[in-house]
Amino acid sequence: SFTGNDNVILFVGGLDTAHYFKGVDVLLTAAREVLQRLPRTRFVFVGDGDLREGYEEYAHRLGIADNTYFVGSVNREDLPSYYRRATCVVLPSIDSTEAFGVVLIEAGACGKPSIATHLPGVRSVINDGVTGTLVEPQDQVALAKKISALLEDPERAKAMGLAARKQVEERYEYGVVARKYIHSIQRL
């Protein structure tokens, strides 16, 4: 377990073959670098699938298993508590199979900054340097640096999270979307 003083880096996504492009191995490799500088960091992976065991073994091989938590699938209603506990959310997708990245919007809705790869759909969600940070795909060294920089500047991380929340409210109007959805299912 971890305390309120620990930084939490959150990944949310499928850990199965269909989601190979999520870049979990890239994040794990970057995590080792981050932990050398900031040992009180925890990497939490929400999601499940046939690749999970391999990722857990990789974390062991890297020597970071004590700082990585694979929590499995989480109910939609429990997910916000993971976002709220996070310092930032990371989406390290490796190629343009990642079309959008709804987790970035969810993170923003919870007032959290994101670090994600510079891919067409993803970069439409992140305002680089304002609501989060972009990094080139499969560049674990750069990813580690971006994560460390954000953790070492909590005021900047907080400001980015607030900007992300404002952007979600203005651009995606979650409340409006939710009301339309609820109204549509009430008519069924």
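Strands E2 and E3 (residues 68-72) pair in the parallel sense over four bridges, where pairing requires that DSSP finds at least two bridges between two strands. Strands (E, at least two residues) and helices (H or I, at least four) are DSSP runs, numbered from the N terminus. This is a predicted model, in which local features need pLDDT of at least 70 and side-chain atom pairs count only at pLDDT 80 or more, while totals for chains, interfaces and linings use all residues. Residues are numbered from 1 along each chain as its sequence is written, and side-chain values use heavy atoms, with hydrogens and water left out.

**The sheet**

- Six strands form an open sheet in the order E3-E2-E1-E4-E5-E6, with parallel pairing.
- E3 and strand E6 (132-135) are the edge strands, each pairing on one side only.
- From one strand to the next, the twist averages 20 degrees; angles here run from 0 to 180 degrees between N-to-C directions, and axes are lines fitted to C-alpha atoms, for helices over the stretch in contact.
- Helix H1 packs on this sheet and touches E1, E2, E3 and strand E4 (88-91), with contact meaning heavy atoms within 4.5 Å.
- The direction of H1 makes about 165 degrees with that of E2.

**Strand E2 and its partners**

- Phe-43 stands opposite Thr-68 in E3.
- To get from E2 to E3, the chain passes through helix H2 (residues 52-62), and this β-α-β crossover is right-handed; that is, with the strands pointing away from the viewer, the path from the first strand over the helix to the second runs clockwise.
- E2 also pairs with strand E1 (residues 7-12), in the parallel sense over six bridges.
- Asn-7 stands opposite Thr-41 in E2.
- Between E1 and E2 the chain goes through H1 (residues 24-37), again in a right-handed β-α-β crossover.
- Six of the six residues of E2 (residues 41-46) are buried, so this strand is largely enclosed by the rest of the structure; buried means under 20% relative accessible area, exposed over 50% and partly exposed in between, using a 1.4 Å probe and protein chains only.
- In a regular strand the side chains alternate between the two faces of the sheet.
- Both faces of E2 are covered: Thr-41, Phe-43 and Phe-45 are buried on one side, and Arg-42, Val-44 and Val-46 on the other.

**Where H1 meets H6**

- The axes of H1 and helix H6 (residues 140-151) come within 8 Å and cross at roughly 50 degrees.
- That angle makes H1 oblique to H6, since under 35 degrees counts as roughly parallel, over 145 as roughly antiparallel, 65 to 115 as roughly perpendicular and the rest as oblique.
- Residues of H1 that meet H6 include Val-26, Leu-27, Ala-30 and Val-34, and among their H6 counterparts are Leu-143, Ala-144, Ile-147 and Leu-151.
- Val-34, in H1, is buried with a relative accessible area of 0%.
- Leaving aside neighbours within four places in sequence, Val-34 is in contact with Thr-41, Phe-43, Ala-144, Ile-147, Ser-148 and Leu-151.
- The C-alpha atoms of Val-34 and Leu-151 are separated by 9.5 Å, although the two residues are 117 apart along the chain.

**A look at Ser-114**

- Ser-114 lies in strand E5 (residues 114-117) and is buried, with a relative accessible area of 3%.
- Not counting residues up to four places away in sequence, Ser-114 touches Val-89, Leu-104, Ala-107, Ile-126, Thr-131, Gly-132 and Thr-133.
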